[in-house]
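The following note sets out some points on strand pairing and helix packing. Please read them alongside the sequence and coordinates.

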Amino acid sequence: MSGTDGRIALVCSCEDTMRLDERAIARGCRAELRTAEQLCMAQLDRFMAALATGRPLTVACTAQAPLFAQEAAEAGAAAPTFVNIREHAGWAAEGRAAGPKMAALVAAAAEPMPATPLVPLESRGVTLVLGRDAVALEAAAKLADRLDLTVLLTGAEDVTPPRSAPFPVMKGRARSATGWLGAFEVTVDGAAMPRPSSRARYEFGPGKDGAISHADIVLDLSGGAPLFPAHEVRQGYLRADPADPAEVERAIAAAGELVGTFDKPRFIAFEGSLCAHARNKRNGCTRCIDLCPTGAITPGTGPLKDQVVISAEICAGCGACAAVCPTGAATYTLPPAEAMARRIRTLLLAYREAGGEAPVLLLHDEAQGASMLDALARHGDGLPARVLPLLVNEPTAIDLSLLAGAFAWGASAVRVLLPARGRHGAEGLARNIETVNAALAGMGLGHASPRAAMIETDDPFTLGEALAALPRAPFAFSPSTHQAIGTPREMALQALRALRREAGSQVATVALPALAPFGAAHVDTAGCTLCLACTSVCPTSAFSANPETPQLRFLEDACVQCGLCAATCPEKVITLEPRLNFAEAAASPQVVKQEEPASCPRCGKLFGTKASIARVKAKLSAHWMFADPARLAILELCDDCRITEATSGGLDPYAGPARPVTKTTEDYLREAERAKKAEE
């Protein structure tokens, strides 16, 4: 029996519609293999027998997962793990060669994923309906028995008042809005109440700008611009074209369901102490703010002024912030990168153990990708035998550590499936793909066909053709077996170093594109004054001081290229270079600049540097206050002795040069009289 947890893998040929290479599956699935031809019906007893052992089960069937889950619940047993080997492996033109893939899929499915933290949202049904015409009133009438409604008309079109007023109707223009399901705040200009005497059309009183409306739900039927960026993923904000009756009906139905308490995943875990956004009123990293499509990320204020703030209520879970965060302050939770890395590692290494070669990792989501793979298997040639599909919650959350790890564990190519129309937050994914391709090329592991790329299509047959056309370009070395540990940035560095080690590459440094999370901060030492301002703002301590002597040190492995050092440096002598440095020196602090410390001639205390004191003396020597050498010499004293000299040494730092004697007319007359007497 193989497998570390005594797991049983039940693999069904689905009435022999696919071939099971039992030898290959057993070699790589990391569990005790038991097979069947009709596990869900005639051979259900085999499932029940495996269930009775009390051992963990993996069932290689998702079509009948509800049946198996029900049987497990009735037996009081733990729910099995399910994996799809039919549409993803067996039902394919290359299905007879898919044994290693089946083994890999079964092994990877058993990797545990942690629970996702939740954010509660509460809606009492207070609803603001924005409209331009009678469509808004008709929609409100359909919801009046379920929601607490207020209708806000733009006044652009005449609207006939209903015979009775079951809900308030106002006039106004929604200028802006903030919030989420259960906590919207809409700013309205020209807010006005209707006149009770309105007859054929609403007549409104005087308007007021800047009125605030609070609502749990906003139903926008105004036909104007949306109130939110990426409005389609803002929970509680429903928008429909008033000229499209079907779209309006869908929005009405959705609004009626938004009353109660809802659990929303907390997609992003955030550790503010790691954030490199700002220090000392200087902005550094803005990668997450620049990419967030929903506006859920904003600069912090008050005690949080040095970091960003992520609203879990607004966040739609694209994961773009976590994909590009250089420090690991923002990490994805559905699942965390470390858990997903374990699954990728198991998938690729099990495939190799089962005899597979040159695997292609295909990352896809449930909403688009799963249905496309199903259509390709049922109506086309299915996936090639070496393409290993892996479900992720959001492809845009794929960070550099997962891409680099996939190649280190043996993937010959990685493809990420995205819709043809684009996806919110995909810019961060594209940046990570560019970075990993640059790293591979720099190590001599690139290929004419990009090792990593996106496939943007909604057509399953186009997807199948793109995957089938991929060249067979395996690496000429064995994959790494290292475990991914630490932050996503640390895992990425582990994987890239493992790739270089296994490939036997001798390259020392690799140039990376802008905004990569690795690199050097170069200091023009001729202009550096050792003020050490860079050390006080560096969020990762890549720049550090030596408490024993005037010295600036730099640890390249810790540099995340946030730019805070360059923005803070008063001499502007720091420049950034995104790169990978494989030299041993990158892993330990290197002295950038050091100078001989100055010692106080009176007490012997070390303070500052001789060079800095010499610079100050040179600059002040021409000033009248320091024309006296005694005054200039005070600059050589430490702070304490300088105060002592100024207060008890008879040295007045505010005394100026001797003032010229001023003579009056009387002085001149007296001098003239004295001179006259002297002549006599």
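1. Strands S24, S28 and S25 form an open, antiparallel sheet of three strands, in the order S24-S28-S25. Strands here are DSSP runs of E with at least two residues, helices are runs of H or I with at least four, and both are numbered from the N terminus. Two strands pair if DSSP finds at least two bridges between them. S24 (509-511) and S25 (519-523) are the edge strands; each has a single partner strand, so one side of each lacks a neighbour in the sheet. Ignoring direction, neighbouring strands of this sheet are turned by 50° against each other on average.

2. On the basis of the model: this is a prediction, in which local features need pLDDT of at least 70 and side-chain atom pairs count only at pLDDT 80 or more, while totals for chains, interfaces and linings use all residues. Residues are numbered from 1 along each chain as its sequence is written, and side-chain values use heavy atoms, with hydrogens and water left out.

3. Within the sheet of point 1, three bridges link S24 to S28 (residues 574-581) in the antiparallel sense. Thr-509 stands opposite Asn-581 of S28.

4. S26 (residues 543-545) and S27 (residues 551-554) run antiparallel and are joined by three bridges; a hairpin of five residues connects S26 to S27. Ser-544 lies opposite Arg-553 in S27. S27 is also joined by four bridges to S29 (residues 590-594), again antiparallel, and here Arg-553 has Val-591 as its bridge partner in S29.

5. A parallel pairing is found between S22 (residues 413-418) and S23 (residues 452-456), over five bridges. Val-416 has Met-454 of S23 as its bridge partner. From S22 the chain passes through helix H13 (residues 426-442) to S23 in a right-handed β-α-β crossover (right-handed: with the strands pointing away from the viewer, the path from the first strand over the helix to the second runs clockwise).

6. Helices H12 (residues 400-408) and H15 (residues 488-503) pack at about 25°, their axes 8 Å apart (axes are lines fitted to C-alpha atoms, for helices over the stretch in contact; angles run from 0 to 180 degrees between N-to-C directions). H12 is therefore roughly parallel to H15, a term for angles under 35 degrees. Residues in contact (heavy atoms within 4.5 Å) include Leu-400 and Phe-407 in H12 and Met-491 and Leu-499 in H15.

Conventions:
Angles under 35 degrees count as roughly parallel, over 145 as roughly antiparallel, 65 to 115 as roughly perpendicular and the rest as oblique.
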